[in-house]
Amino acid sequence: MKRNVLYIEDNEKIGSWVKEELEQRGFSVQWLLSGDGAEKEVNQYEIVILDIMLPGLDGFTVGKRLKRAAPAVPILLLTARTSIDDKVEGLQFADDYLTKPFHTDELVARLEVLIRRSGGTHSERISLGNYIEVDPEAQMVIDTRTGEEIILTGKQHQILMYFLRHPSQVLPKEQIYEAIWEETYITGDKTLMVHIHRLRQKLERHPDSPEIIETLKGIGYRVKL
């Protein structure tokens with residue numbers, strides 16, 4: 001299930017980048033250029049990302065209005081300001097504070113934590129193949145035959161979660177690579193292939209005849225749910 005985000009940011013370059021990054025990671029993003037009237041619809045969302053430097057009403061004013069309208073919806077502030085006074089003022093109503101420039105991995109991690117704390121996700125385990133289960137909330141992969149956790153490397157975990165955010169979709173290898181490594185894919189690069197191979201060794205009954213992570217020759221990969 002996609003998590004609904006209300007994103008308020010007037011900088012179109014930054015806003016477009018953040019929206020695209022979050023949508024690639026499984027979020028549904030409603031992006032607004034100002035916070036005027038945002039309190040009327042805030043209850044439709046699981047979390048708010050709010051820039052402080054906005055035209056018209058500033059982010060502090062908007063944030064206070066949003067919190068009054070929807071006390072249970074967490075707010076994550078984004079800003080280039082670094083002064084202690086600004087942070088203290090922001091945290092009077094916001095649930096977390098992230099300073100620009102930031103890495104999208106940190107942004108996503110903070111969003112996930114805030115949503116979990118607020119009770120915005122009620123995830124169930126996802127079954128893969130005959131004996132693999134994934135607990136998205138606990139970020140764990142379980143072998144149901146033994147009940148033990150399957151330990152993945154950081155990149156292996158990111159790749160698997162990316163598949164799960166795009167269930168049954170055929171994902172080009174270029175798209176996967178650029179989402180995980182955040183750099184342009186170079187034709188012929190075997191990095192993703194090596195990570196997929198090692199991931200299959202941990203998840204598949206028969207890694208040479210995979211049932212979970214399918215290869216579509218010349219295109220990319222797919223995980224069916």
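Hi everyone. A quick definition to begin: a helix crossing is called right-handed if the near helix is turned clockwise from the far one by less than a right angle, and left-handed if anticlockwise. Keep that in mind for the structure above, which is a predicted model.

So, which way does α1 pass α4? The crossing is right-handed. Helix α1 covers residues 12-24 and helix α4 covers 104-118, and the two pack at an angle of about 65° with their axes 11 Å apart. On the α1 side, the contact uses Trp17, Val18, Glu21 and Leu22. From α4 come Thr104, Leu107, Val108 and Leu111. Sorted by class, that contact has 6 nonpolar residues, 1 polar and 1 charged.

Let's step back to the domains. The assignment for the protein chain gives domain 1 as 3-118 and domain 2 as 126-223. Their C-alpha centres are 30 Å apart. How many residues of each are in contact? For domain 1 the number is 10, and they meet 6 residues of domain 2.

Now for empty space. In general, you can find where it is left by rolling a probe the size of a water molecule over the atoms. Here, with a cut-off of 30 Å³ or more, the count is 1 cavity. The volume of the largest cavity is about 40 Å³. What lines it? One stretch of the lining is Leu128, Gly129, Asn130, Tyr131 and Ile132, and the lining also includes Leu203, Glu204, Arg205, Glu211 and Ile212. By class, the lining residues divide into 5 nonpolar, 2 polar and 3 charged.

As background, most peptide bonds are trans, and most residues other than glycine have a negative phi. Lys100 and Pro101, however, are joined by a cis peptide bond, with omega about -5°. You'll find Pro101 in the loop between β5, residues 96-99, and α4, the helix that α1 passes in that right-handed crossing. The other detail is Ser168: not a glycine, yet its phi is positive, at about 65°. Ser168 sits in the loop between α5 (154-164) and β10 (171-172).

Key:
Residues are numbered from 1 along each chain as its sequence is written. This is a predicted model: local features need pLDDT of at least 70, side-chain atom pairs count only at pLDDT 80 or more; totals for chains, interfaces and linings use all residues. Side-chain values use heavy atoms; hydrogens and water are left out. On a 1 Å grid over the protein atoms alone, a cavity is a set of points where a 1.4 Å probe fits but cannot get out, and a pocket is an open set with protein on both sides within 12 Å along at least five of seven lines; lining residues have an atom within 4 Å of a point. Grid points are joined across faces, edges and corners, and a volume is the space filled by probe spheres set on the points. Ala, Val, Leu, Ile, Met, Phe, Trp, Tyr, Cys and Pro count as nonpolar, Asp, Glu, Lys and Arg as charged, and the others, Gly among them, as polar. Axes are lines fitted to C-alpha atoms, for helices over the stretch in contact, and angles run from 0 to 180 degrees between N-to-C directions. Helices (H or I, at least four residues) and strands (E, at least two) are DSSP runs, numbered from the N terminus. Contact means heavy atoms within 4.5 Å. Domain bounds come from an automatic or database domain assignment.
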